[in-house]
Amino acid sequence: MASVDKINRINGFTSLEVLVVLIIVGIISVIIIGRSDIGQTDLMAQTEVIKSHIRYAQSRAMNASRSWGIRCNDSGQVYWLFTDGQPDAQKRKLPGEESDSFDLGRYQLVLTPTTFSFDDRGRPCSDANGQTGLVNDLSLTLSAAGIGTTTITITRNTGFVP
């Protein structure tokens, strides 16, 4: 009988060994999952930054008697705030930025190339002068290669950015 009992202990795992292996596998899984979301976090953070810049342009237009807008260049990697219907000549600094343009390229992000403005009532317009209101909601796509995309929607008539 003693030899049978000895064989069982040699071939099996104790509860403590199984528990230690499960804890180690859990720790490794948390580390791997946490690291895989880094790019997604940058994408979501920059989406919120762009939304705040859009809201800022709308706010400036509502507090002035002139149009304010945002233009994103053809590469989709740089955008800036402008006023007076002159997207290339009247660049203004965005809040918290040292430059008159915001470089998305440093985050490996690309935004839909576009130009839009807000009139003095905060309504979004499809032109730089703030005179042609949007017919439909404006959707901007922010994408990160290999990570994904997010969509920023500017609601026509109100300029609401959810």
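Is Gly159 buried or exposed, and what is its relative accessible area?

Analyst: Gly159 is buried, with a relative accessible area of 2%. Here buried means under 20% relative accessible area, exposed means over 50%, and partly exposed is what falls in between, with a 1.4 Å probe and protein chains only.

A bit of housekeeping before we go on. This is a predicted model, so local features need pLDDT of at least 70 and side-chain atom pairs count only at pLDDT 80 or more, while totals for chains, interfaces and linings use all residues. Residues are numbered from 1 along each chain as its sequence is written, and side-chain values use heavy atoms, with hydrogens and water left out.

Back to the glycine. Gly159 is found in the segment after strand 9; helices (H or I, at least four residues) and strands (E, at least two) are DSSP runs, numbered from the N terminus. What does Gly159 touch, if you skip residues up to four places away in sequence? The list is Gln58, Phe118, Gly122, Pro124 and Ile154, where contact means heavy atoms within 4.5 Å. Its C-alpha atom is 9.9 Å from that of Ser117, a residue 42 places away along the chain.

The segment after strand 9 holds Asn157 too. Its phi is positive, near 70°, in a residue other than glycine. Asn157 is partly exposed, at 47% relative accessible area.

Now follow Phe118, one of the contacts of Gly159. Phe118 is buried, and so is Phe116. The two rings have their centres 5.9 Å apart and their planes at 85°, so the pair is edge-to-face. The rule: rings of Phe, Tyr and Trp (its six-membered ring) pair if their centres lie within 6.5 Å, with planes under 30 degrees apart called stacked, over 60 edge-to-face and the rest tilted.

Phe116 takes you to the strands, as the bridge partner in strand 6 of Ile70. Strand 1 and strand 6 (residues 114-118) run antiparallel and pair over five bridges; two strands count as paired if DSSP finds at least two bridges between them. On strand 1 (residues 68-72), four of the five residues are buried. Strand 1 also pairs with strand 2 (residues 78-83), again antiparallel with five bridges, and there Arg71 has Trp80 as its bridge partner. The hairpin of strand 1 and strand 2 has five residues between the strands, with Gly76 at a positive phi near 80°.

What about packing? Ile54 touches Ile70, Phe116, Phe118, Leu140, Ile152, Ile154 and Val161, leaving aside residues up to four places away in sequence. In the largest nonpolar core, which has 25 residues, Ile54 and Tyr79 touch the most other members. A nonpolar core is a set of buried Ala, Val, Leu, Ile, Met, Phe, Trp, Tyr and Cys residues joined through side-chain atoms within 4.5 Å. Helix 3 (38-62), strand 1, strand 2, strand 5 (109-111), strand 6, strand 8 (138-144) and strand 9 (148-154) each supply at least two of its residues, and helix 3 gives the largest share, five.

Within it, Phe102 and Tyr107 are stacked, at 6.4 Å centre to centre with 15° between the planes. Phe102 is buried at 2% relative accessible area, whereas Tyr107 is partly exposed at 28%. Arg106 lies over the face of Phe102, 5.0 Å from the ring centre. Gln108, in the loop between strand 4 (102-103) and strand 5, has a positive phi of about 55° although it is not a glycine. Gln108 is exposed, at 60% relative accessible area.

Zooming out, the protein has three helices and nine strands, and 31% of its 162 residues count as buried. Among contacts with a separation of 6 or more, 54% involve residues 24 or more positions apart.

Definitions and conventions: Lys NZ or Arg CZ within 6 Å of the ring centre and 35° of its normal.
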